[in-house]
Amino acid sequence: MGGGSAVITGALTPALSIPTLPSRSRSIGKLKDKPLIRFQRHSKFCSATLSHLKRIVNNGKCDISAQCSLSEAEEPSEDDFVVVNFYHFVFIKNPETEVARHLSFLEGLDIHGRVYLNEQGINAQYSGPSKDALLYVKWLREDCRFSDVLVQISPAFNGHAFPKLKLRYKSSLLQMEGGILHLPLLDPSMRATPLPPSKWRKRLEAVDGIDDASHENCSSNYILLDVRNGYEWDIGHFSGAQRPSVDCFRSTSFGLSPIQNVASDPLAFADKANTDILMYCTGGIRCDVYSTILRQRGFQNVYSLKGGVSHYLKNEGPAKWIGNLFVFDSRLSLAPSAYKPEAIVKAARSEEVSGSNTFARCYICGSQVVELRHRNCANLDCNLLFLCCTDCMKDLRGCCCVSCITAPRLRPVLPGHQRYRKWHVYRDLKCKVS
């Protein structure tokens, strides 16, 4: 992803990290240039806005995860930009017709993002002013097939979080080797049993040995499974979760690993009948998809965090969570305070990550980083997404290694929270200087 910078004169949540664009896995893609946007006031995406949005979206029936740390006294604005995420598995007989119907409704609305439909349902992530973004949700929920979709909303502090709208039929709502159309995703019994955030927290506290009568039925034989990518874990994860060994979800192979890879597979020697598998991901869809594979492989006790980490942080705050949450849009990272500002946010301290040699560590020198914000290698042809300390950023001129410093398409070191733009911007600038 790529994009232009924005000048912001309003105050943002102090704990919020707004990282640069992704691409450690190269599959994340590149954003197009963004226009320069100037905010003259605070973003009013706060509790008052949340109440306003609940009234808009089907009279409050929609489960909305949306907060910020600004005053409730500020009046919400329909022009405040938000990011909306939802997915829903439901049979769609004529998905191409459904795509046309959605495109027709969205004509004239200011919505950018990715909306994919096929025979198994819908998967959507988009941004826009709240009046447009929520109008789409309201329209969708008027269809009985999508009336109970769980919608999650978060603040977009810098205008659109996506470069343009891509709404189309896609054979797989989620990218995996071999696709997912053959998976029994429409059968809820074949997916993981969803645990609401409160029950998820109790389960994690129970396995940590907390003495509470309400936990007496919780099994101590469990595996906490992070069904995300390694670079996501690097800036935030639940305490006790092992770092995933993949940098692209399509390569995930928990419970399927060949003998030579069992060391990196937490499920390699798990008792399929008696082990509780507690799965989590960002918004829930990866757990729903992968849990059907585990069910087919004979794992009987498979549970997932309903709504994913974003839903959990909104409801429970940062309890049992360390660091920030990686998101797949131009913001790239959100601190827990962006979801639940009234909660006390615990920073990632050295004692919290003792025993971990990868979390919050500089990719180059291995030192502890202060800011949980990825950056991209200044070498356009590398574009590696990595964490970097200030010293290494200066010494290697924003590159991930010494060899990248001499690359032909080298971009300048970006200060602060800026993101890289298209290569021609830097190429043309270089030509003018020379």
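Trp200 and Phe238 are both buried, where buried means under 20% relative accessible area, exposed over 50% and partly exposed in between, with a 1.4 Å probe and protein chains only. The model is predicted: local features need pLDDT of at least 70, side-chain atom pairs count only at pLDDT 80 or more, and totals for chains, interfaces and linings use all residues. Residues are numbered from 1 along each chain as its sequence is written, and side-chain values use heavy atoms, with hydrogens and water left out.

Aromatic rings pair in several places. Rings of Phe, Tyr and Trp (its six-membered ring) pair if their centres lie within 6.5 Å; planes under 30 degrees apart count as stacked, over 60 as edge-to-face and the rest as tilted. By this rule there are 18 aromatic pairs. One is formed by Trp200 and Phe238, with ring centres 5.8 Å apart and planes at 55°, so this pair is tilted. Trp200 belongs to helix H4 (residues 197–207) and Phe238 to strand E11 (residues 236–238), so the pair ties together parts that are 38 residues apart in sequence. Helices (H or I, at least four residues) and strands (E, at least two) are DSSP runs, numbered from the N terminus.

Tyr231 and Phe326 make another pair. Their ring centres are 5.1 Å apart and their planes stand at 65°, so the pair is edge-to-face. Distant parts of the chain are linked here: Tyr231 is in helix H5 (residues 230–233) and Phe326 in strand E15, 95 residues apart. Both Tyr231 and Phe326 are buried.

One aromatic cluster consists of Phe86, Phe105, Tyr126, Tyr136 and Trp139. Helix H3 (residues 130–141) is mostly covered, with nine of its 12 residues buried. Among them are Tyr136 and Trp139. H3 reaches 16 Å from its first C-alpha to its last, close to the 16 Å expected at 1.5 Å a residue; the expected span is 1.5 Å times one less than the number of residues.

Charges also meet rings. The charged end of Lys170 sits over the ring of Tyr116, 4.3 Å from its centre. The criterion is NZ of Lys or CZ of Arg within 6 Å of the ring centre and within 35 degrees of the ring normal.

Backbone angles complete the account. Lys320 is not a glycine, yet has a positive phi of about 70°. Lys320 lies in the loop between helix H7 (308–316) and strand E14 (321–323). Its relative accessible area is 24%, so Lys320 is partly exposed. Leu332, also a residue other than glycine, has a positive phi near 65°. Leu332 is in the loop between strand E15 (325–326) and strand E16 (333–334). With 0% relative accessibility, Leu332 counts as buried.
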